[in-house]
Amino acid sequence: MRRRFHRQARKAFARQIPPILQEANLAFDKGDFGRAAELFERIAEGADARGGPRAPLLHLQAGRARIYAGQTALGLPSIKRGLGLFAERRQFQRLVNAQTRALSELKERGLVNEAAEIDAWLKTIAPSANEFATPLPPSKKPVLPTHCPQCGAALRPDEVEWLDEVTAECGYCGSPVREEDP
Ligand SMILES: [Zn+2]
């Protein structure tokens, strides 16, 4: 109880993290992908309506959760929306990172036709994305915690924005995240 209160209080001071985002990340980590998908879809639609910077990743995570839940047909529109937003916003490096991950996740699950469909569709909406972006060079960035301490999202070096040499911004909630103290 005490500890929980302390954690809540600290969060409140640090930044308002929507509880629905924490719930979505928790459901995803627990393997409750159907529930996670519903929550991420709601969060993504809200962020999208506001033109929020985190809308693309949230759509992609909603789509991923649907795919993991075996609901491929429901997941593909979210994946397209996420990738489409990166293209619209001309965030080509992020588009290339996200499309590489999405296509390999689909193929890993045997969804080869779906991967091919998305690949073909991407060439129509962002034909030149690959000219703008190259795969990330090996990076000497500090090692981040595996999960955002604020919202609980899994952190990936190619999905965070680096604010400075040691600080990254969580792609899901916008909290600054640093290498954990040794
Ligand atoms: Zn976060």
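Helices here are DSSP runs of H or I with at least four residues, strands are runs of E with at least two, and both are numbered from the N terminus.

A word on the model before going on. It is a predicted model, where local features need pLDDT of at least 70, side-chain atom pairs count only at pLDDT 80 or more, and totals for chains, interfaces and linings use all residues. Residues are numbered from 1 along each chain as its sequence is written, and side-chain values use heavy atoms, with hydrogens and water left out.

Back to our pair. Asp119 and Lys123 form a salt bridge, with their closest N and O atoms 3.3 Å apart; the term means a side-chain nitrogen of Lys or Arg within 4 Å of a carboxyl oxygen of Asp or Glu. Asp119 is partly exposed, at a relative accessible area of 26%, while Lys123 is exposed at 53%. For these words, buried is under 20% relative accessible area, exposed is over 50%, and partly exposed is in between, using a 1.4 Å probe and protein chains only.

How many salt bridges does the structure hold? There are 13. One of them joins Arg66 to Glu41, with the closest N and O atoms 2.7 Å apart. Arg66 belongs to helix α4 (residues 55–68) and Glu41 to helix α3 (residues 33–49), so this pair ties together parts that are 25 residues apart in sequence. Both Arg66 and Glu41 are buried.

Another one links Arg101 and Glu159, at 2.5 Å between the closest N and O atoms. Arg101 is in helix α6 (residues 92–108) and Glu159 in the loop between α8 (129–132) and β1 (161–162), so the parts tied together are 58 residues apart in sequence. Arg101 and Glu159 are buried too. They also belong to a network of salt bridges with Arg64, Glu105, Arg156 and Asp158.

Now look at α2 (residues 19–30). Which of its residues are buried? They are Leu21, Ala24, Asn25, Ala27 and Phe28. These cover an arc of only 160° around the axis, which puts them on the same side of α2; the arc is taken from the directions from the helix axis to the C-beta atoms. On the other side of α2, Pro19, Leu26 and Lys30 are exposed. The cover over the buried residues includes α3 and α4, where contact means heavy atoms within 4.5 Å. Just after α2, Gly31 has a positive phi of about 85°.

Not counting residues up to four places away in sequence, Phe40 touches, among others, Leu21, Phe28, Leu58 and Tyr172.

Last stop: Gly171, in the loop between β2 (167–169) and β3 (176–178). Gly171 counts as buried, at 10% relative accessibility.

Definitions and conventions. Expected span 1.5 Å × (residues − 1).
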